[in-house]
Amino acid sequence: MMIEKAIRDYLQAYNDKNVPAMLEVLDEKIVFENISNSTGIVITTTIQEFEQLATQSLDYFTERRQLIRFLVIGGDSAAVEIDYQARLAVDFPNGMKAGDMLQLRGVSIFEMKKNRFTRISDYS
């Protein structure tokens, strides 16, 4: 399935901190939403905004990993339950310190058209 391979490629690029590879599976008008209980909501609406956000976030973590727990595909969309781990490279405003391990469980919704993601919504 194309969408499953694209999700796996995107997550591998994320884990490898490879922003150009992440961009390869995105539509020019990608809508990216990160909705978090701890940090609020971040939204981008173009590939340029996404690239800027992804590049900025590289400096926040010495390592990071998203692992798929469960994947459900329906046509051109998918829901993925994710285990997320990251080691902080900098102190965070919430009191976490550089070197601390951040661990979250969340869900990401991926929507695809013409073999490119048009929307990624992350909930944690």
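A: Rolling a probe the size of a water molecule over the atoms shows where empty space is left. A pocket is an open set of points on a 1 Å grid over the protein atoms alone, where a 1.4 Å probe fits, with protein on both sides within 12 Å along at least five of seven lines. A volume is the space filled by probe spheres set on the points, which are joined across faces, edges and corners. In this structure the largest pocket has a volume of about 870 Å³. The model is predicted: local features need pLDDT of at least 70 and side-chain atom pairs pLDDT 80 or more, whereas totals for chains, interfaces and linings use all residues. Residues are numbered from 1 along each chain as its sequence is written, and side-chain values use heavy atoms, with hydrogens and water left out.

Q: How many residues line the largest pocket, and which lie nearest its centre?

A: Lining residues have an atom within 4 Å of a point. Here there are 34 of them, and Y14, N34, T39, F61 and Y84 lie nearest the centre of the largest pocket. Helices (H or I, at least four residues) and strands (E, at least two) are DSSP runs, numbered from the N terminus. Elements that give two or more residues to this lining include helix 1 (2–15), strand 1 (26–36), helix 3 (47–57) and strand 5 (101–113). Strand 5 supplies the largest share, 6 residues.

Q: How do the lining residues divide into nonpolar, polar and charged?

A: Ala, Val, Leu, Ile, Met, Phe, Trp, Tyr, Cys and Pro count as nonpolar, Asp, Glu, Lys and Arg as charged, and the others, Gly among them, as polar. By this division the lining of the largest pocket holds 20 nonpolar, 11 polar and 3 charged residues.

Q: In what order do the strands form the sheet?

A: Two strands pair if DSSP finds at least two bridges between them. Here 6 strands form an open sheet in the order 2-1-6-5-4-3, with mixed pairing. Strand 2 (40–44) and strand 3 are the edge strands, each pairing on one side only.

Q: Which strands pair in the parallel sense, and which in the antiparallel sense?

A: Strand 1 and strand 6 are parallel, with 6 bridges; in this pairing F32 stands opposite I120, and L26 has F117 as its bridge partner. Strand 1 and strand 2 run antiparallel and are joined by 5 bridges, with N34 opposite V42. Strand 5 and strand 6 are antiparallel over 7 bridges, and K113 faces R116 across them. Strand 3 and strand 4 are likewise antiparallel, over 12 bridges, with R64 opposite A86.

Q: What is found in the turns of the hairpins?

A: The hairpin of strand 3 and strand 4 has 2 residues between the strands, and G75 in the turn has a positive phi of about 65 degrees. The hairpin of strand 5 and strand 6 also has 2 residues between its strands, and there K114 takes a positive phi near 50 degrees.

Q: Which strands does helix 1 lie across?

A: Axes are lines fitted to C-alpha atoms, for helices over the stretch in contact (heavy atoms within 4.5 Å). Angles run from 0 to 180 degrees between N-to-C directions. Helix 1 lies across strand 1, strand 3, strand 4, strand 5 and strand 6, at about 170 degrees to strand 3. Helix 3 packs on the sheet as well, touching strand 1, strand 2 and strand 3, and its direction makes about 50 degrees with that of strand 1.

Q: How many aromatic pairs are there?

A: A pair of aromatic rings is described by the distance of the centres and the angle of the planes. Rings of Phe, Tyr and Trp (its six-membered ring) pair if their centres lie within 6.5 Å; planes under 30 degrees apart count as stacked, over 60 as edge-to-face and the rest as tilted. The count here is 10 aromatic pairs. One of them joins Y10 and F50, a tilted pair at 6.5 Å centre to centre with 50 degrees between the planes. Y10 belongs to helix 1 and F50 to helix 3, 40 residues apart, and their pair links distant parts of the chain.
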